[in-house]
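Subject: Structure handed over, with notes on what was found

Dear colleague,

Here is the structure we spoke about, with the sequence alongside. Please look through both before reading the notes that follow.

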Amino acid sequence: MNSIRGTLLKNKSLAEYTSWRVGGPADLVFIPSDIDDVSNFLKNFPDQSVLWLGLGSNVLIRDGGVSGAVIVTQGALHEIKQIDTHLIYADAGVACAQLARHSARLSLTGLEFMAGIPGTVGGALAMNAGCYGGETWPVVHSVEVINRLGERKKRFAAEYEASYRHIKKPAEEWFLGAYFQLKSGDKEHSLNEIRTLIEKRNASQPTGLPNCGSVFRNPPNDFAGRLIESCGLKGFAMGGARVSEKHANFIINETNATAKEIESLILHVQKTVEREKNIKLIPEVCVIGKY
């Protein structure tokens, strides 16, 4: 146990680690010092189930919390480095917006869209996150992964099957970081594109309020937000949770909402759209834990 150098917390509430600011406790919360520390932790706690959290922006943790261990990467696994002219590496805990700006300052183009993703590299890899016409996996060259035994290896992008907001990967194997294959670009042009994207996001999304990002995937040839709004659900509330007036595919924690209230609102929106539009919206957010 002396080999673990990070912070280990017992029966710790997960609310502060999620962008919705809700969630019950985990048996263990581990904030590693570096990637070697993650490996040592997995080897020291072989019987614990493991959940990974970055910015907690695509997850709803129920009020009863989760059994097992939660590894928090944001602020811990934060290395970014340029490998060669067009290849850049980023740890799983690096914020997507930070990576977008960093690569632009190196006059590399291809990651500008990441400035609009409210999560970390690890989360973006796990769900093939995207926005404004860009997706994560088309620019991935290879990834560093770790399994439940704490063993690390490198895999190439061709070993994975990526689709809309989904990546098919081995069970109990997690992303530690990724190498991104980019192109030479103009620094000022890329930084201006990022600024424009962020301004567009701030104007159209409730970025200043606790939310998880987009709640539902967009159905083929349509937009979840448009469907939800057309059902008259903008502003609809359950307890402290409310469908955003700014963008109907966002649910905000307006006044000390519980995870149960947020989940109930998600289900209400889903059922209403299915009843009125005959379209079943598929949640983009992962709902985890005990009631």
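A residue is called buried when its relative accessible area is under 20%, exposed when that area is over 50%, and partly exposed in between. Cys 286, with a relative accessible area of 39%, is therefore partly exposed, whereas Cys 96, at 0%, is buried. Please keep in mind throughout that this is a predicted model.

The cysteines raise a further point. A disulfide is a covalent bond between the sulfur atoms of two cysteines. A search of the whole structure finds zero disulfides. Cys 96 is in no disulfide, and the nearest cysteine sulfur, which belongs to Cys 131, is 8.8 Å away. For Cys 286, the closest cysteine sulfur is that of Cys 212, and because the two sulfurs are 9.5 Å apart, they are too far from each other for a bond.

Next comes helix α2, which covers residues 96–105 and includes Ser 103. Ser 103 counts as buried because its relative accessibility is 1%. A polar atom of the Ser 103 side chain lies 3.0 Å from the backbone oxygen of Ala 100. If residues up to four places away in sequence are not counted, Ser 103 touches Ile 88, Leu 108, Leu 111 and Leu 182.

How do α2 and α4 lie relative to each other? Two packed helices are described by the angle between their axes and the distance between the axes. Helix α4 (residues 187–204) packs with α2 at an angle of about 160°, and their axes are 8 Å apart. Since angles over 145 degrees count as roughly antiparallel, α2 and α4 are roughly antiparallel to each other. On the α2 side, the contact is made by Ala 100, Arg 101, Ala 104 and Arg 105, while α4 contributes Lys 187, Ser 190, Leu 191, Ile 194 and Ile 198. Sorted by class, the contact of α2 with α4 has five nonpolar, one polar and three charged residues.

Finally, there is helix α1 (residues 35–44), whose buried residues are Ile 35, Asp 37, Val 38, Ser 39, Phe 41 and Leu 42. The N-terminal end of α1 is capped by Asp 34, which has a side-chain oxygen 3.2 Å from the backbone nitrogen of Asp 36. Ser 39, which lies in α1, counts as buried because its relative accessibility is 6%. Apart from its neighbours within four places in sequence, Ser 39 is in contact with Ile 146 and Gly 150.

Notes. Residues are numbered from 1 along each chain as its sequence is written. This is a predicted model: local features need pLDDT of at least 70, side-chain atom pairs count only at pLDDT 80 or more; totals for chains, interfaces and linings use all residues. Side-chain values use heavy atoms; hydrogens and water are left out. Helices (H or I, at least four residues) and strands (E, at least two) are DSSP runs, numbered from the N terminus. Buried means under 20% relative accessible area, exposed over 50%, partly exposed in between (1.4 Å probe, protein chains only). A polar contact is a pair of N or O atoms within 3.5 Å; within protein, one must be able to donate a hydrogen and the other to accept it, and residues adjacent in sequence count only if both atoms are side-chain atoms. Contact means heavy atoms within 4.5 Å. A disulfide is a pair of cysteine sulfur atoms within 2.5 Å. Axes are lines fitted to C-alpha atoms, for helices over the stretch in contact, and angles run from 0 to 180 degrees between N-to-C directions. Angles under 35 degrees count as roughly parallel, over 145 as roughly antiparallel, 65 to 115 as roughly perpendicular and the rest as oblique. Ala, Val, Leu, Ile, Met, Phe, Trp, Tyr, Cys and Pro count as nonpolar, Asp, Glu, Lys and Arg as charged, and the others, Gly among them, as polar.
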